[in-house]
Amino acid sequence: MRIPLIAGNWKMNTTIEEAVALVGNLLKELDKIDNVEKLVCPPFISLRAVSEIVAKSSVKVGSQNMHYEEKGAFTGEVSPLMIKDICSYVIIGHSERRQYFNDDSYINSKIKAAIKYGIAPILCVGEKAEENQQGKTNEVLERQLEQALTGIDDIVNLVIAYEPIWAIGTGISASGKQANQTIDLIRQKISSLYNKQIALNVRILYGGSANADNIAEFMCQPQIDGALVGGASLKPEQFISMLKQTSSIYYDIKK
Ligand code: PGA
């Protein structure tokens with residue numbers, strides 16, 4: 001059985017002080033929630049402080065990005081070696097990274113590096129609004145998955161996040177049914193790239209304007225194993241409610 005994962009992507013928000021305060025507000029309530037993996041992904045500069053605060057709890061820390069090299073002349077970058085002791089997860093290929101930082105070309109190398117250093121990659125895939133309107137969603141996702149996973153045999157710790165770009169930060173989420181259908185296709189693609197058992201085990205999250213009001217709609221879908229949450233993860237009440245709802249709904253549906 002797959003264990004749901006709710007991941008908060010804080011993006012480029014919070015100073016160190018604010019990050020410490022935010023995780024402080026989340027910690028007590030999150031730590032009480034069972035059967036759901038709880039993850040916060042603050043900016044690089046706050047990873048250390050946040051990881052010290054959650055150290056004795058069930059809350060995990062993830063990075064929003066990383067370089068694929070261990071060290072070297074890459075001014076401004078942060079390596080897997082530098083984060084591996086404090087991060088359980090790393091988000092790779094977020095659409096904002098693909099759009100503004102040309103990440104498309106590095107995703108495969110970053111996933112390989114994450115696996116090598118024992119950091120579980122959360123691979124983001126998703127189509128643009130126009131691709132969706134032109135009926136190209138499947139084609140785009142298949143291409144993104146093939147490119148990201150080329151030459152990677154072991155995906156035991158990999159998590160996939162399906163994030164339609166038109167839903168990110170827009171307040172317009174996909175419907176539960178739509179997301180479920182697309183995630184089913186992603187699972188089929190994983191089955192064809194690997195095998196049926198691996199496809200059944202891989203966790204696939206939904207992301208894009210997920211919040212406390214719509215999380216139940218996603219969590220009751222058979223294919224969806226959690227959420228990658230942007231805006232709502234900065235609001236403790238929202239995020240805690242999303243975790244609580246996931247914990248109570250997810251296991252009612254056999255996944
Ligand atoms: P959002 O962001 O929840 O604010 O739409 C999701 C994401 O970018 O991961």
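Trainee: Is R187 buried or exposed, and how should I read such a label?

Mentor: Buried means under 20% relative accessible area, exposed over 50%, and partly exposed in between (1.4 Å probe, protein chains only). R187 counts as buried because its relative accessibility is 6%. The model is a predicted one, in which local features need pLDDT of at least 70 and side-chain atom pairs count only at pLDDT 80 or more, whereas totals for chains, interfaces and linings use all residues. Residues are numbered from 1 along each chain as its sequence is written, and side-chain values use heavy atoms, with hydrogens and water left out.

Trainee: What does an exposed residue look like, taking Q99 as the case?

Mentor: Q99 is exposed because its relative accessible area is 56%. Helix α4, residues 95-101, holds Q99. Between Q99 and G8 there are 91 residues of separation in sequence and 20 Å in space, C-alpha to C-alpha.

Trainee: How should I read the span of helix α11?

Mentor: The expected span of a helix is 1.5 Å times one less than its number of residues. Helix α11 (residues 236-249) has 14 residues, and its reach of 20 Å from first C-alpha to last is close to the expected 20 Å.

Trainee: Which residues of α11 are buried, and what covers them?

Mentor: An α-helix has 3.6 residues a turn, so residues three or four places apart point the same way. In α11 the buried residues are F239, I240, M242, L243, T246 and I249. Their cover includes β1 (5-9), α1 (16-32), β2 (37-41), α10 (215-219) and β8 (226-229). Consider I240, in helix α11: I240 counts as buried because its relative accessibility is 11%. Apart from residues up to four places away in sequence, I240 touches N25, L26, E29, L30 and I33. The C-alpha atoms of I240 and L5 are 13 Å apart, although 235 residues separate the two along the chain.

Trainee: What is there to note about the phi angles of K11 and T14?

Mentor: Most residues other than glycine have a negative phi. K11, not a glycine, has a positive phi of about 55 degrees, and T14, also other than glycine, has a positive phi near 80 degrees. The loop between β1 and α1 contains K11 and T14. T14 is partly exposed because its relative accessible area is 21%.

Trainee: Which residues come nearest to the ligand, and what is the class make-up of the shell?

Mentor: A residue is near a molecule or strand if one of its heavy atoms lies within 4 Å of it. There are 13 residues around the ligand, and K11, H94, E163, G169 and S209 come nearest. The shell comprises four nonpolar, seven polar and two charged residues. Ala, Val, Leu, Ile, Met, Phe, Trp, Tyr, Cys and Pro count as nonpolar, Asp, Glu, Lys and Arg as charged, and the others, Gly among them, as polar.

Terms used: Helices (H or I, at least four residues) and strands (E, at least two) are DSSP runs, numbered from the N terminus. Contact means heavy atoms within 4.5 Å.
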